[in-house]
Amino acid sequence: MTEVAVLTPDPSDPSYAGQWPGVLERLGQALSLAGVTVAPTPWTDHVEDAGALKRFPLVLPLIVWGYHRDHDRWIQACATWADAGLTMLNPPSVLGWNSDKSYLGRLADKGIAMPATIWIDSPTQADVDAAFDRFGADRLVVKPRVSGGAWKTLRLSRGDRLTDAPRGPAMIQPYLPTIETEGETSLLFFGGRLSHVVNKRPVPGEFRVQVQYGGGYTALAEPPADALALAEATLAAIGEDLLYARIDMAPGADGRWLLMEAELIEPDFYLGSAPDKGLAFAEAVRARL
C-alpha cells in the first residue's frame, strides 16, 4: 500500500468538525481501490515549513475547508509548498489563483460563458443600486471574491438595503432564477476525463444549493451535451495540469449554460453519486504515483 497525505481543516476551527471526517472516509475508501492509504494532516501545520510533507509521494489538498477565512496564510502556504517542490495535486500555483474568484473574469476574457459580473473593491449600497440599473434585474447576488460554500453570499431584491456585506473585493451578478427551477449542475473530472455528473437544487425559498442549507443532490446518467462542451472548453482555457476538477454551471434565462465555478482546490467530489464509487479518482491518483 502507498500512503499519501490529505490536507484537512485547521483543528481550531469547529465549523466543519462534523463534516470533514466523513469526506475523508469516502476518499479513503475510494483510494483503497487502487492500493492507496491516506494520512490526514491539517494544512495549517505546514504554512511556513513543508518538511513534514516531503516524505509523501503525493499530497492531496482535498479538505482544506476554511482557507477562505485565513486567505493570507493560505497564499503563504501555497508559496511554501511550491518552493519545497512537493508533489501536490492540484499544484500549489493552481491552489493559489483558484482561491480568488477573479479567475472567472480571466476565463470570460477567453470566451467562457458566465453570468454578467461587476467586480468591485468593496460593495456599497451605491454599487448595488448601480448594478440593478445596469443589469435591469429584479434580484442580484453579492459575493466575496474569496469565499467557499456560499460564505457571506447575499441575494438582494430591488429596494433591499445592503446589510452584512462582504468586506473587501467582491462581485455582483444578476440572480439566476433557474437555480431554483433547474438547479446547478456539477461535472466531475479526474485525470482530464469525465467521471460523473450531479445536479444540486435548493430547498424552496432558498438559493444556496449546498447541503448545509438543505440542498438536494441527484446523480445524472450523463451531462447535457452543451454542458459538457462548456466544461471541456473551461478546462482547455484553464490549461493547467489538473488531477481533479469540478466544473459547476447553471442555465441562464435563455437556456445557455453559464460557468458558475471551476472548483480546483477542495471540491466535494460527491463520490456517493459516482457509479464507480470513486474508482476513476483512485485510478487517476495511482497513475500519478
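The accessible surface of the protein amounts to about 12600 Å², and carbon and sulfur atoms hold 49% of this area; such areas were computed by the Shrake-Rupley method with a 1.4 Å probe, and for residues only the protein chains shown count as cover. The model is a predicted one, in which local features need pLDDT of at least 70 and side-chain atom pairs count only at pLDDT 80 or more, while totals for chains, interfaces and linings use all residues. Residues are numbered from 1 along each chain as its sequence is written, and side-chain values use heavy atoms, with hydrogens and water left out.

Of the 289 residues, 53% count as buried, where buried means under 20% relative accessible area, exposed over 50% and partly exposed in between (1.4 Å probe, protein chains only). The radius of gyration of the protein is 19 Å, in agreement with the value near 19 Å for a compact globule of 289 residues; this radius is taken over C-alpha atoms, and the globule rule is 2.2 Å times the number of residues to the power 0.38. Along the principal axes, the C-alpha atoms fill a box of roughly 60 × 40 × 35 Å. Among contacts with a separation of 6 or more, 69% join residues 24 or more positions apart, a contact being heavy atoms within 4.5 Å.

The secondary structure consists of eight helices and twelve strands. These are DSSP runs numbered from the N terminus (helices, H or I, at least four residues; strands, E, at least two). Val-94 is placed in helix α3 and is buried, with a relative accessible area of 0%. Apart from neighbours within four places in sequence, Val-94 is in contact with Glu-240, Leu-242 and Leu-264. The C-alpha atoms of Val-94 and Leu-264 are 7.4 Å apart, although 170 residues separate the two in sequence.

Several backbone features fall in loops. The peptide bond from Leu-89 to Asn-90 is cis, with omega near 5 degrees, and Asn-90 is located in the loop between α2 (71-83) and α3 (92-97). Positive phi in a residue other than glycine is found at Asp-164, near 55 degrees, and at Lys-277, near 60 degrees. Lys-277 belongs to the loop between β12 (257-263) and α8 (279-288). Asp-164 lies in the loop between β6 (154-157) and β7 (170-174) and is exposed, with a relative accessible area of 58%.

Asp-164 also contributes to the lining of the second largest pocket, together with residues including Pro-144, Arg-145, Trp-151, Lys-152 and Arg-167. This pocket holds about 190 Å³ of space, and its lining has six nonpolar, one polar and four charged residues. Ala, Val, Leu, Ile, Met, Phe, Trp, Tyr, Cys and Pro count as nonpolar, Asp, Glu, Lys and Arg as charged, and the others, Gly among them, as polar. On a 1 Å grid over the protein atoms alone, a pocket is an open set of points with protein on both sides within 12 Å along at least five of seven lines, a cavity is a set where a 1.4 Å probe fits but cannot get out, and lining residues have an atom within 4 Å of a point. Grid points are joined across faces, edges and corners, and a volume is the space filled by probe spheres set on the points.

One cavity of 30 Å³ or more was found in the whole structure. The largest cavity has about 70 Å³ of space and is lined by Val-23, Arg-26, Leu-27, Leu-62, Pro-267, Asp-268, Phe-269, Tyr-270 and Leu-271. By class, its lining comprises seven nonpolar, no polar and two charged residues.
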